[in-house]
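Hi everyone, thanks for coming. I'd like to walk you through one structure today, so please have the sequence and the model open beside you.

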Amino acid sequence: MLGKKGAMDYPDLNRIEDNYKYLMGLMNGAGYYNQFESRNVTETWKEPEVRIEMVQDKNTMLLLHCDDFTDSSIYGKEISNTGCTISSDAKFDRSINFTNLNKIETKDQIVDINKTFTIEFWCKQRQKKSYATFIGGTVANTFKITLRYGEIGFQIHGNSEIYKTGFSPIIGEWFHVALVGNNRQFTFFINGEKKNTFTINNTITNSVIRIGLNVNQDDSGSIEGVIDELRISDIIRYTDN
């Protein structure tokens, strides 16, 4: 349960209900602590007026606030940008805009997709797409969080099977995606709600991370939208709604 700073009932940040409310800035009371900091946070259950920043903890392997193209984690991973721009159309202060063949890539592998991790981000699309890739690897047999037939899901590149969430983005509306992995058992959370759990039996190929464009790098794979507050961790951040 969420509580004010100094109160007895602290949030359980392993529950997506608590962790997600932190991320949205929907805290009933003033004062943020532990993993987050705030400025002029509203005290009512509504969209935040300012961004709630995640503190750089050791389990955050990549953190993009999307005000620029740098990694704000303590590891300072090298990021390359191809054509993306910074946009004021943001969930918080700024976001990164993706269109056509624009993409962001890490220089190094960030986490082992076959082990324990959490990938999460905010996104808003401005164009209805049947196919797109939000984030994934860059080689065959790698993973991708994808849009297929307008629905968010998980796919191994080169494999036709898609693990769907049942969620289709509404154009012009922000949504939050979290994918949790634990020894190739995966769970999707969309806007704080647990959607589906599935298991991949075969080893998934690791690679660097590409954001905003598909493995084949054609414009049909662009998300045509903006992404804000992207975090990749080497632990399980969420276990329940």
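Let's begin at strand S6, residues 95-98: Ser-95 and Asn-97 point one way, Ile-96 and Phe-98 point the other way, and all of them are buried. Buried here means under 20% relative accessible area, with exposed over 50% and partly exposed in between, using a 1.4 Å probe and protein chains only. In a regular strand, side chains alternate between the two faces of the sheet.

A quick word on where this comes from. This is a predicted model, in which local features need pLDDT of at least 70, side-chain atom pairs count only at pLDDT 80 or more, and totals for chains, interfaces and linings use all residues. Residues are numbered from 1 along each chain as its sequence is written, and side-chain values use heavy atoms, leaving out hydrogens and water.

Back to S6 and its partners. Strand S5, residues 85-87, pairs with S6 in the antiparallel sense over three bridges, and Thr-85 has Asn-97 as its bridge partner in S6. S6 also pairs antiparallel with strand S17, residues 225-233, again over three bridges; there, Ile-96 is bridged to Ile-227. Two strands count as paired if DSSP finds at least two bridges between them. Strands are DSSP runs of E, at least two residues, and helices are runs of H or I, at least four, numbered from the N terminus. On that basis the protein has one helix and 17 strands.

Now, which strands make up the open sheet, and in what order? There are seven, running S4-S7-S16-S9-S10-S11-S12, with antiparallel pairing. S4 (79-82) and S12 (162-164) stand at the edges with a single partner strand each, so one side of each has no neighbour in the sheet. S4 pairs antiparallel with S7, residues 103-106, over four bridges, and Thr-82 has Lys-103 as its bridge partner in S7.

Let me step back to the whole protein. Of its 241 residues, 56% count as buried. Among contacts with a separation of 6 or more, 59% are between residues 24 or more positions apart, a contact being heavy atoms within 4.5 Å.

Last stop, the largest cavity. A cavity is a set of points, on a 1 Å grid over the protein atoms alone, where a 1.4 Å probe fits but cannot get out, and lining residues have an atom within 4 Å of a point. What lines the largest cavity? Gln-125, Gln-127, Lys-128, Lys-129, Leu-147, Gly-150, Pro-169 and Ile-171 do.

Technical notes:
1 Å grid on protein atoms, 1.4 Å probe; cavity = no way out; pocket = protein on both sides within 12 Å on 5 of 7 lines; lining within 4 Å.
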